[in-house]
Amino acid sequence: MSRPIARPATAALLILLMAAAVVWALPDAAPERGPACAGRAVASWSADTAHTTAFSRYGDDNTRVDDWTGGDGTHSVRLPDGRTLWLFSDTFLDRIQPPPNPQGLLHRWRTADHGGTPVLRRNSAVLMSPSGRLERTLTGGSGGAGPFFPDPPGGWRWPVRASVEPRTPGAREKVVRVLLWNRAPGSGPWIFGVPRSTEVATLSLPGLRLESITEAVDQTSVTDPDRRVLYGAASVRDGAWRYVLGSDDPQASPASSAYLARVPAGRLAERDRWRFWDGARWQRQAARAAPVLRAGGRRGVGSSFTVVRDGPTWVLFTMDTGSGGAAGLASLTSYWSCSPQGPWHGPRGRLTPPRPSADSPHGGDDVAVYNPQVHPEFTASGRLLLSYDVNVLGPPGVPTDARLNGDVGLYRPRFLRVRLGPAGP
């Protein structure tokens with residue numbers, strides 16, 4: 001996710017304010033590959049009420065009170081049997097109450113089932129049937145209400161891009177690989193967590209049992225946390241390779257730079273097979289990676305972004321980090337390129353999606369839009385399904401959980417249908 005300038009208390013809004021990325025069919029080729037590749041940008045868009053309503057309905061259902069009632073960091077992967085696994089970062093559980101809320105406002109609100117504060121978990125997974133019905137929440141830990149990917153010692157995990165691949169190269173058996181961001185508690189500007197490493201989780205099929213979590217890219221040796229890169233904003237198979245994009249997380253700027261790695265297909269969980277693009281060639285050492293899209297001026301990505309292939313052209317959606325202020329927290333923009341290595345052209349245009357109003361003295365300007373994600377498995381009639389997350393902003397270090405629990409609609413994904421067209425001049 002891209003970080004907002006004023007920081008909300010929910011951790012994922014910060015980092016996952018940014019990235020996670022969806023890409024497919026990424027070629028390993030030289031930049032600018034001939035006239036067939038042309039600039040692409042958003043030509044039109046509309047709200048997708050079906051998916052937005054599905055998550056609202058599921059979150060409001062009190063059939064169980066140990067399942068998902070709201071979350072951010074929205075990612076998805078289509079499974080071989082037609083089901084879809086939705087992955088979330090910070091997730092609220094517990095019971096949804098009808099309006100009015102304790103402040104007398106006409107909002108559905110969240111309470112703990114037996115009193116106290118509603119439960120917040122660092123991650124969860126929600127399973128959707130082939131027909132599109134959200135069926136159940138996958139959690140873990142004792143009692144079955146913990147994070148699906150267990151917290152590491154002294155930190156937490158946020159899931160980002162997931163893919164289905166052979167258990168080993170050439171094998172018929174499939175598994176799900178999920179890229180995870182490992183973060184640790186911090187202070188000062190790092191109150192939402194210090195980046196530590198990129199990990200890979202392996203889930204069995206069809207049971208989705210968590211088999212293992214292995215470290216792929218350790219960043220703890222990088223002394224300046226601003227320069228640590230977490231990978232997984234995008235992950236795509238192209239021929240014999242899987243390409244993985246990620247970003248750094250500078251705290252003094254709302255914009256991050258994007259980086260690129262690749263791994264032989266089927267070996268995502270093998271740390272020694274990762275290679276990093278240094279601007280000219282592939283390197284073994286992650287420290288030698290150079291940005292493929294460097295932040296500066298109006299350019300840059302959120303730490304979560306998304307990329308999709310439109311013919312020979314790549315299109316990247318991100319928060320409009322170059323706008324600054326309220327505009328940067330309410331709008332999305334795009335870049336295009338002819339290869340994953342770049343050059344990336346843009347930003348092109350601005351998309352300002354619907355966002356809910358919040359009962360606040362700021363008239364809703366403190367409602368942030370972030371973490372755009374394309375879900376290619378739901379493309380229909382040439383229109384992409386694009387999700388975005390919503391959160392509320394508060395003064396630095398001031399929790400916003402009370403507002404999120406007082407109006408559950410403020411912390412759930414929204415969806416758009418997007419059609420691409422020529423980027424223009």
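Modeller: Arg167, Glu173, Arg209 and Glu211 are linked in a network of salt bridges, a salt bridge being a side-chain nitrogen of Lys or Arg within 4 Å of a carboxyl oxygen of Asp or Glu. This is a predicted model, in which local features need pLDDT of at least 70 and side-chain atom pairs count only at pLDDT 80 or more, while totals for chains, interfaces and linings use all residues. Residues are numbered from 1 along each chain as its sequence is written, and side-chain values use heavy atoms, with hydrogens and water left out.

Biologist: How many salt bridges does the structure hold, and which parts does the pair Arg417 and Asp48 tie together?

Modeller: The structure holds 19 salt bridges. In one of them the side chains of Arg417 and Asp48 meet at 3.0 Å, N to O. Arg417 lies in strand E26 and Asp48 in the loop between strand E1 (40-47) and H2, so the pair ties together parts that are 369 residues apart in sequence. Both residues are buried, that is, under 20% relative accessible area, with exposed meaning over 50% and partly exposed in between (1.4 Å probe, protein chains only).

Biologist: What does Asp48 do at the N-terminal end of H2?

Modeller: Asp48 caps that end, with a side-chain oxygen 3.4 Å from the backbone nitrogen of Ala50.

Biologist: Which residues of H2 are buried, and which are exposed?

Modeller: His51, Thr52, Ala54, Phe55, Tyr58 and Gly59 are buried. They lie on the same side of H2 because they cover an arc of only 160° around the axis, the arc being that of the directions from the helix axis to the C-beta atoms. Thr49, Ala50 and Arg57, on the other side, are exposed.

Terms used:
Helices (H or I, at least four residues) and strands (E, at least two) are DSSP runs, numbered from the N terminus. A polar contact is a pair of N or O atoms within 3.5 Å; within protein, one must be able to donate a hydrogen and the other to accept it, and residues adjacent in sequence count only if both atoms are side-chain atoms.
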